[in-house]
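Please look at the sequence and the structure shown here.

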Amino acid sequence: MDFLSSPYNFAHDLDFTPGSPPITGVVFKGKRTRELSADAAVSVLEVSKSYPGPHGERTPVLRDIDLDIRRGEFFSLLGPSGCGKTTLLRLLAGFEQPDAGAVLIGGRDMTGVPAHQRPVNTVFQSYALFPHLTVAENVAFGLKQKGVRGADLQAKVARALDTVQIGAFGGRKPEQLSGGQRQRVALARAIVNEPEVLLLDEPLSALDLKLRKQLQVELSNLQEELGMTFVFVTHDQEEALVMSDRIAVMNRGRIEQLGRAEELYERPRTAFVANFLGSSNLIAGKVQAVMGTEALVGTRFGPLRTLHGAGLRPGQDVTLSIRPEKLRMERDDETEGNEVRARVDDIVYTGAENQYLLEAAGERLVAFQLNADIGADEDFDYEEEVALYLPPASLVVLEDA
């Protein structure tokens, strides 16, 4: 059944009441069940969202999103523009409501709970600071709304400013600060209320590269220090890999793959994940033989062996993926198998590495080599014929052949 026409409604069927005790039992999802994770700070249960188009049609933005975000976790939503990651964050914040499904925070249903009553705070890309207030007054604003006053207010503000390393700037106005300092103010304003979950909507994207890399480390360290759950939206693959405990890679309103950074990079399940997280060489083939967890795949480059053949069957069409840095370029064919003859088509110097664009059997392959690894006899030239070794452990079989 199409999710737009589904009559299923979580809030009705589960009879959740905002502010009720946390729910940890079995949650019914249509005809399926799922146990809520006991350590989940956020649970998203079969959430779908669409927006009306210019002619009355509905355009789906999120399709059946289902995930748990653990307490104290740095969790990133990663994907290209338009994939639905910011919409999902806005649903968590309470700025939008889902068409179907439910959002739980701390085990409590947030259906109908307005944004200002949710145990979350949001840090925006645009900082959203009050220009007429000082740094300290910006940070104190939310506390004052909650009735905090006097010495307690001043102590909380000072501690938040010190935490983000701008304790000396409390008397300045936002216009007197750099972009990085303004972002620290926005962070201080968000954490001073001690929310259960901090939502960050591409907060570093407006900063220059050097400052962005610096704040990536600082933000990751801050999350560890606070022990707070961070949900971070970004389109920057390196940013997500550097900072996250786990990453949900989103594509066209769905979660394409969820896991640790190393798992997603080393074992992508789909061509989209393989190419969005860095770059990858994709090789089409047909399974010739399966030997336990190994498989021999026939390709236009010849037969290639992979160690990731569990579950495959002879005759099955597959797509293999291998990262450019996993390819080993050699001048001589050592006849150890999994070798492809290729010609150097172009060389891109990027400082730390050389990127070799290669032509093999009418197809383009890419190999990366760190310049520190390239000696006098390993510096390949244009039009040179080379042998490429494709390690069987690095040839991953994708699910979407």
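The sections below take these topics in turn, for a model that is predicted.

## The open sheet

Strands of a sheet pair through backbone hydrogen bonds, in either a parallel or an antiparallel way. Here, 4 strands make up an open sheet, and their order is β4-β3-β6-β7. The pairing in this sheet is antiparallel. β4 (58-70) and β7 (108-109) are the edge strands, each of which pairs on one side only.

Helix α2, residues 85-93, packs on the sheet and touches β3 (40-52), β4 and β6. The direction of α2 makes about 120° with that of β3.

At one end of the strand order, β6 (residues 100-105) pairs with β7 over 2 bridges, in the antiparallel sense. Isoleucine 105 stands opposite arginine 108, a residue of β7.

## The largest pocket

Rolling a probe the size of a water molecule over the atoms shows where empty space is left. The largest pocket has a volume of about 660 Å³. Its lining consists of 22 residues. Those nearest the centre of the pocket are His116, Val120, Asn121, Thr122 and Asn193.

Three elements, β8 (120-123), α3 (135-145) and α5 (179-191), each give two or more residues to the lining of the largest pocket. By residue type, this lining divides into 12 nonpolar, 6 polar and 4 charged residues.

Strands β14 (residues 294-299) and β15 (residues 302-306) run antiparallel and are joined by 5 bridges. Leucine 296 has arginine 305, in β15, as its bridge partner.

Methods. Residues numbered from 1 in each chain as written. Predicted model: local features only at pLDDT ≥ 70, side-chain atom pairs only at ≥ 80, totals over all residues. Heavy atoms only, no water. Pairing = 2+ DSSP bridges. Contact = heavy atoms within 4.5 Å. Axes fitted to C-alpha atoms, helices over the stretch in contact; angles between N-to-C directions. 1 Å grid on protein atoms, 1.4 Å probe; cavity = no way out; pocket = protein on both sides within 12 Å on 5 of 7 lines; lining within 4 Å. Points joined across faces, edges and corners; volume = space filled by probe spheres on them. Nonpolar A, V, L, I, M, F, W, Y, C, P; charged D, E, K, R; others polar.
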